Structures are given as C-alpha cells and as structure tokens.
Amino acid sequence: MAVVTGAGQGIGAAVARDLVEQGYRVAVVDLNGGEKVADSLGERGLAVEADVADEDSMAAARTRILDAFGRVDVLINNAAIFSTLEMKSFEDISVPEWDRVMAVNVRGVFVCCRTFSPDLRAAEHGRIINLSSGAVLLGRPGYLHYVASKAAVIGLTRSLARELGGSGVTVNAIAPGSTETEVPRATVTPADVAAIIAGQAIKRRQTSADLLGAMAFLAGTASGFVTGQTLVVDGGMTFN
Ligand SMILES: NC(=O)c1ccc[n+]([C@@H]2O[C@H](COP(=O)([O-])OP(=O)(O)OC[C@H]3O[C@@H](n4cnc5c(N)ncnc54)[C@H](O)[C@@H]3O)[C@@H](O)[C@H]2O)c1
C-alpha cells in the first residue's frame, strides 16, 4: 500500500501507475487532478484531495486512506511547487513566494513523514522516498528557493533515516535530472533541452519512465539495507 503525494500529474502520476502495475494499492494525494489519475488506476487507486503543507489536511487524508486500505507501507513525497515556478533572479523572489515554496517543498515532506510515521513503523518494510533534484548538485540559477528546498530534502532524508532506522523504516531520496513529463514548462526552451542533453553522458531527454526502476528498488524489499541515500537519476549529468 503506497501513498504518492503530488500524483495528480507528471512524475507522481507515472510513479502511481507503475506501482499499481507492480501490485500496490496507491493513494493519489494531490491538491487537484488526483481523481483523473486515480480513476485510471481502477480499484487499486484512491484519490485523496489534500495539501501536504497542512497538517490537518494530511491528518484527514490519513483517515481516508486507512479507512480504504487499512495500512501504509510506502510513502513517496513527490508533491512540490515545481512546474508552476517562474525562473527569476534571486533578487526578484519575494519573501511570500520563498515561504510558500519552503512550506510545500520542505514542510510538506516533514508533515507527510510525521503523519504516516505510525503506519510506516508498523509496516514490515516501511519505506519513505523523497523527491530531491539534480538542480542541487548543479546549483542551477533562476530558482534559488526551489534549489534550496530540494537541498533541505536531502538533509531531512539523512536525519530521518537515523531516527527511523531502528523501526526498520528506510528513508531515501531520488534526485532526478531535468525530466520531461506531459506537463509543458515554459522555463525549458528547445535550446535548454539541447544543452541539457549535451551535458548528460546518455544523449537523450530524460522522461518520468527513467525514474521508475530506482523508485521500485527503493520501495521494494531488495533495498532494505539502503537508507539515508540520495540516488541520482540524471543520465550522467552529475557524478557525486
Ligand atoms: N520534472 C523535472 O524535471 C524534475 C526534476 C527534478 C526533480 N523533480 C521533482 O519531482 C517531483 C515531481 O515533479 P513534476 O515535474 O511531476 O512536478 P509537477 O509540478 O508537474 O507536479 C507536482 C504535483 O504536486 C502537486 N502539488 C503541489 N503543491 C501541492 C500541495 N501543497 N499539496 C499536494 N499536492 C501538491 C501539484 O498539484 C502537481 O500535481 C517534484 O518534487 C519535483 O521537484 C522534477
């Protein structure tokens, strides 16, 4: 039984579909768009409208999920303010915009981990997978709040791995490179795509499908002794 936040579109939706194909039941948690994805998953999918940054909203989401599925084994913290972000110089980022990105991308991960920790601790192989970003390793300019938020996710992953290790729960992060999804992003021009591909060891555009193997490994039992790690899936853009 898996919870995938931000699964109403993009990478989260692709992950939700793949987990269902693997036999998981999946709660599609999103502010919007969850119904459409959950419907496409059939009886193994459950749409839950919730805000990851809001603890009351997530407490209500947990109640719905436990009523429907009775347990949670895997939590994938994928929701973030990302495709809607405008690139801008750091001097042009307002404090409210900074705070909103941090509230969703960092506090949201914390709130979801805390909300589901009783269930993950009770699971035989509890798993948390957090979405960071290769932008942290590149130090990409143009969205300082986003890059800072994704760096925070790596620190949170490491500390939480130590806090939950005694309960047998693993906590890892995946850092994708620039990934094409069905969602158009004005910030990625054809010239950007060419530059991204030129920078990768593997010379093609990364898609959501490229993340599914890493996701399945970290969600499954084979990764039981792997925790606190950040697995970079970027076609060889960076080596860490
Ligand atoms: N696509 C990329 O190039 C890329 C690269 C590196 C990392 N990532 C990370 O992967 C994850 C998914 O990326 P994506 O491209 O699918 O992003 P996206 O912007 O297309 O989708 C994000 C989803 O999160 C949801 N969401 C936003 N705020 C929420 C909230 N408060 N509560 C609940 N749901 C909320 C949105 O409704 C949306 O469905 C993000 O964490 C992103 O930072 C993406």
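These legends describe close-up views of a predicted model.

Local features are given where pLDDT is at least 70 and side-chain atom pairs at pLDDT 80 or more, while totals for chains, interfaces and linings use all residues. Residues are numbered from 1 along each chain as its sequence is written, and side-chain values use heavy atoms, with hydrogens and water left out.

**View 1. The open sheet of 7 strands.** The strand order is β3-β2-β1-β4-β5-β6-β9, with parallel pairing. Strands (E, at least two residues) and helices (H or I, at least four) are DSSP runs numbered from the N terminus, and two strands pair if DSSP finds at least two bridges between them. The edge strands, β3 and β9 (230–233), each pair on one side only. On average, neighbouring strands are turned by 20° against each other, direction ignored. Axes are lines fitted to C-alpha atoms, for helices over the stretch in contact, and angles run from 0 to 180 degrees between N-to-C directions.

**View 2. Strands β1, β2 and β3.** Strand β1 (residues 2–5) is joined to β2 in the parallel sense by 4 bridges, and V3 has A27 of β2 as its bridge partner. Strand β2 (residues 26–30) runs parallel to β3, with 5 bridges between them; here A27 stands opposite L46. Between β2 and β3 the chain passes through helix α2 (residues 34–40) in a right-handed β-α-β crossover (clockwise from the first strand over the helix to the second, with the strands pointing away from the viewer). Strand β3 (residues 45–49) has 4 of its 5 residues buried, so it is largely enclosed by the rest of the structure. Buried means under 20% relative accessible area, with a 1.4 Å probe and protein chains only.

**View 3. Helices α4 and α6.** Helix α4 (residues 95–122) packs against helix α6 (residues 144–164) at an angle of about 20°, with the axes 9 Å apart. α4 is therefore roughly parallel to α6, a term for angles under 35 degrees. Their crossing is right-handed, that is, the near helix is turned clockwise from the far one by less than a right angle. Contact (heavy atoms within 4.5 Å) involves residues including W98, V101 and F110 of α4 and Y146, L156 and L160 of α6.

**View 4. Helices α3 and α4.** The axes of α3 and α4 lie 9 Å apart at an angle of about 35°, and α3 passes α4 in a right-handed crossing. Among the residues that meet are M58, R62 and I65 in α3 and V111, T115 and F116 in α4.

Conventions
Buried < 20%, exposed > 50% of the residue type's maximum accessible area, 1.4 Å probe, protein only. Parallel < 35°, antiparallel > 145°, perpendicular 65-115°, else oblique.
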